[in-house]
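Please look over the sequence and the model below before reading on.

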Amino acid sequence: MNRSPDIIGSLVYGGTYALVVASSDWLRLQVGKLGVHCLPPGYYVYVGSARGGLNGRLKHHLKSEKRLHWHIDYLVKQASVTQIWYAYGENRLECVWNTMVAGLPGATSIIPGFGASDCRCRTHLTHFSTAPPFGNFKQMSNIWGLPHPHRLKSELF
Ligand SMILES: [Zn+2]
């Protein structure tokens, strides 16, 4: 498989991102102070933002050996990142993106408090039984007048 030369490293500007994480099995997950959760198989979408540059944050998410710092670290440890959606921009759009993801067909919000310690969202984690529809997400972004989102599939990172 051809890996493109450090595509993640090239994302030097700040912005908003979504990790699409997949698991074919049920997961029993200890999520920091949020306790133990049993998660169904399928796809999870976590939304975050990084001001200093998406590359540093995304590299953290993709690294296998690390201290578990964010809630998402606990999930990624047991499942695999299959897609990254991102958009550049100074504005912190993670909560707007999270709302849009939660409104996609097949979405179920899960684990109250996940990734949402410093905002008013119920959670920043959404479950889908089948792959979340990026096309719909892109359309919604356009309708909402947000920066155009890009998608990286795991073959690329
Ligand atoms: Zn939020």
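This is a predicted model: local features need pLDDT of at least 70, side-chain atom pairs count only at pLDDT 80 or more; totals for chains, interfaces and linings use all residues.

Residues are numbered from 1 along each chain as its sequence is written. An open sheet of 6 strands, with antiparallel pairing, has the order β6-β7-β4-β1-β5-β8. Helices (H or I, at least four residues) and strands (E, at least two) are DSSP runs, numbered from the N terminus.

**The sheet**

- Two strands are said to pair if DSSP finds at least two bridges between them.
- β6 (108–109) and β8 stand at the edges with a single partner strand each, so one side of each has no neighbour in the sheet.
- On the β6 side, 2 bridges join β6 to β7 in the antiparallel sense, and T108 has H127 of β7 as its bridge partner.
- β7 also pairs with β4, antiparallel, over 4 bridges; here Y43 stands opposite F128 in β7.
- Strand β1 (residues 15–23) is joined to strand β5 (residues 80–88) by 8 antiparallel bridges.
- Strand β8 (residues 150–153) pairs with β5 over 4 bridges, again antiparallel.
- W85 is the bridge partner of A18, and W85 also has R151 in β8 as a bridge partner.
- I84 stands opposite L152 in β8.
- Strands of a sheet pair through backbone hydrogen bonds, either parallel or antiparallel.

**Helices against the sheet**

- Helix α2 (residues 71–78) has the buried residues H71, I72, L75 and V76; buried means 20 or more other C-beta atoms within 10 Å of the residue's own, exposed means 12 or fewer, and partly exposed lies in between, with C-beta atoms placed from the backbone.
- These residues are on the same side of α2 because they cover an arc of only 125 degrees around the axis, the arc being that of the directions from the helix axis to the C-beta atoms.
- The cover over the buried residues of α2 includes β1, β2 (27–30), β4 (42–50), α1 (54–62) and β5.
- α3 lies across β1, β4, β6 and β7 (125–128), and runs at about 160 degrees to β4; axes are lines fitted to C-alpha atoms, for helices over the stretch in contact, and angles run from 0 to 180 degrees between N-to-C directions.

**The nonpolar core**

- A nonpolar core is a set of buried Ala, Val, Leu, Ile, Met, Phe, Trp, Tyr and Cys residues joined through C-beta atoms within 7 Å.
- The largest one has 30 residues, of which Y17, A18, L19, V21 and Y46 touch the most other members.
- At least two residues of this core come from each of β1, β4, α1, α2, β5 and α3 (94–102).
- Leaving out residues up to four places away in sequence, Y17 touches G48, S49, A50, L54, L58, I84, W85 and Y86; contact means that the two C-beta atoms, placed from the backbone, lie within 7 Å.

**Two residues to check**

- C38 lies in strand β3 (residues 36–39) and counts as exposed because it has 8 C-beta neighbours inside 10 Å.
- Beyond four places in sequence, C38 touches W26 and R28.
- C38 and L58 are 20 residues apart in sequence and 25 Å apart in space, C-alpha to C-alpha.
- I111 is in the loop between β6 and β7, and is buried, with 22 other C-beta atoms within 10 Å.
- The phi of I111 is near 50 degrees, a positive value in a residue other than glycine.
- Most residues other than glycine have a negative phi.
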